[in-house]
Amino acid sequence: MIGFIKKDLAMMKSNFKLLGVLILVYAIMGFMGQMDISFILPFMCVMIMISSFSYDNYNKWDAYSISLPNGRNNSVKSKYITTILMTLMVSIITILLSFMISFVNTKTVDYEQIVVTMFGTLFGTILVLSIMYPIIYKFGVEKARIGIFLIVFGIVIVGGFLVEYIDFSFLTKTISLLENYLLFILIVTMIVMVFISYTISKKIFRKKEF
Amino acid sequence: MENVLEIKNLCKKYDHFELKNVSFSLPKGMIMGFIGENGAGKTTTIKAILNIIQSYSGEIKIFGFDNRAHDKEIKEEIGVVLDDMFFPEILTPNDINKAMEGIYKNWDTKMFHAYLKEFSLLPNKQIKTFSKGMRKKLEIATSLSHHPKLLLLDEPTSGLDPVARAEIIQILQNIIEKEECSILFSSHITADLEQIADYITFIHNGEIILSKATNELLDKYGIVKCSEKEFKEIDKKDYLKYKKSKYEYEVLVPNKKEFKTKYTISVIDKITLDDLMVLMIKGEEE
């Protein structure tokens, strides 16, 4: 299992530089009081990991991985664990930087605001991962790229329609009622989403033939 | 003799191709050449052995255990070189070493680095910078560094120049001398196998045509070269296939000695695996 994660991390080595540069850009923009791009950073981790599927695909790693001990399970598991580890690490770095930026710029730190923003971003990232990975395992990474475009497009269209025609005041009331538990609910929902997504991906890959 | 690999009645159906009751066994410590033309079913058979394809019928036993029920334990003891399937090429041999340390219980880092040195492969270079021969050597080094008891090599010399092919054959010969390992070596380049294989299994159109000891095959089988008149005198039971060329008939006989005692035709050539493959595939029966 560890070996599969090491392989995925090794593949991402060159992309760590890109992440480093993005974090630096975020820090500079933040200290200068410019636009907050922190929401991009965890999302980038998923996008980078999706590119790892292309490398795998090019050298038929998936088929080769099955010839290794417990390859069918570990191949899928490592993709989820590596993505989540990377996303969490980048989120922690971003939160710490946000604290520093907030302190330098305003002499106070709005802990709640920063943590809630980061958890919102993390939730969005985990949602994309949970939808995308089973699609990639089922249809391949090239078709899944079209999939991500359709999903985002669909969310925007459906979201726009709902906002226009449905009264969301009931939801606002419910959210304010649950405010104290919001973080807990977000974390539990993320874990459930990842678990369901992983189970589906594992099932798809277990049946796959090359 | 104990078998490390036993395949019985393996069947797998695709739209345009089918494996039909593939059965053969590989005795311990032996090298089996698995020959057949491109698309004959060699890779499909190897994929079934490794469970890369699953929806097949029949029985595959490795080290005496069912390959599906004991998948994980069996794969700890198998080394593979697969045709065009490997680690992503942005990785380096060092990355492969680190990954394999966490994959195989018996991974031997020292051995892997010794092979890299022997094959002149730089540990920090990305695989994509390697030539095709170097990649194959890296795949072979990777397949050997956990002390496997069975090696499955799918076309390890395909697409290589004669020098690289000779090097790989030499590497395999050295391995056989050093390690206690059985090898299933698939190839359509039969000259490679004549040098090292103890057994030959021949697959054609998804069916096993023959599976025999190489010596027996090369000593017993022969090619009779004769005129049309002479050919017509040969009993159909005494030959397997024949090919008619412009000036003569080439007739594949399964027992040279017997043939010599029965007929007066004097030209009986030694057979090569290439001849055997061509005559079995392209030759006529009657």
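**Figure 1. The contact between chain A and chain B.** In this predicted model, 28 residues of chain A are in contact with 30 residues of chain B. Contact means heavy atoms within 4.5 Å. The two chains bury about 2500 Å² between them, 61% of it on carbon and sulfur atoms. Buried area is the accessible area (1.4 Å probe) that two parts lose on being put together, summed over both. On the chain A side, A:Y64, A:P69 and A:E209 lose the most area to chain B. Together they make up 26% of what that side buries. Residues are numbered from 1 along each chain as its sequence is written, chains are lettered from A and ligands numbered from 1 in the order in which they are written. Local features need pLDDT of at least 70, side-chain atom pairs count only at pLDDT 80 or more, and totals for chains, interfaces and linings use all residues, while side-chain values use heavy atoms, with hydrogens and water left out.

Figure 2. A salt bridge here is a side-chain nitrogen of Lys or Arg within 4 Å of a carboxyl oxygen of Asp or Glu. B:D95 pairs with A:K13 in a salt bridge, with the closest N and O atoms 3.0 Å apart.

**Figure 3. Elements on the chain A side.** Four helices of chain A each supply at least two residues to the side that touches chain B: α1 (2–11), α3 (40–58), α4 (61–66) and α9 (182–207). Helices (H or I, at least four residues) and strands (E, at least two) are DSSP runs, numbered from the N terminus. α1(A) gives the most to this side, with 7 residues. By class, the side holds 14 nonpolar, 4 polar and 10 charged residues. Ala, Val, Leu, Ile, Met, Phe, Trp, Tyr, Cys and Pro count as nonpolar, Asp, Glu, Lys and Arg as charged, and the others, Gly among them, as polar.

**Figure 4. The two domains of chain B.** Chain B is divided into domain 1 (3–216) and domain 2 (221–282), with bounds from an automatic or database domain assignment. Their C-alpha centres lie 34 Å apart. The contact takes 14 residues from domain 1 and 8 residues from domain 2. The domains bury about 970 Å² between them, 77% of it on carbon and sulfur atoms. B:T190, B:E194 and B:F202 supply 40% of the area that domain 1 buries against domain 2, more than any other three residues. Polar contacts join 2 residue pairs, both residues at pLDDT 80 or more. On the domain 1 side, α7 (190–196), β9 (199–204) and β10 (207–213) of chain B give two or more residues each.

Figure 5. A:S201 sits in helix α9 of chain A. Is A:S201 buried or exposed? A:S201 is buried, with a relative accessible area of 0%. Buried means under 20%, exposed over 50%, partly exposed in between (1.4 Å probe, protein chains only). Not counting residues up to four places away in sequence, A:S201 touches A:V76, A:Y80, A:Y133, A:P134 and A:Y137. A:G120 belongs to helix α6 (residues 111–139) of chain A. A:G120 is partly exposed, at 38% relative accessible area. A:G120 and A:L183 are 63 residues apart in sequence and 9.3 Å apart in space, C-alpha to C-alpha.

Terms used
A polar contact is a pair of N or O atoms within 3.5 Å; within protein, one must be able to donate a hydrogen and the other to accept it, and residues adjacent in sequence count only if both atoms are side-chain atoms.
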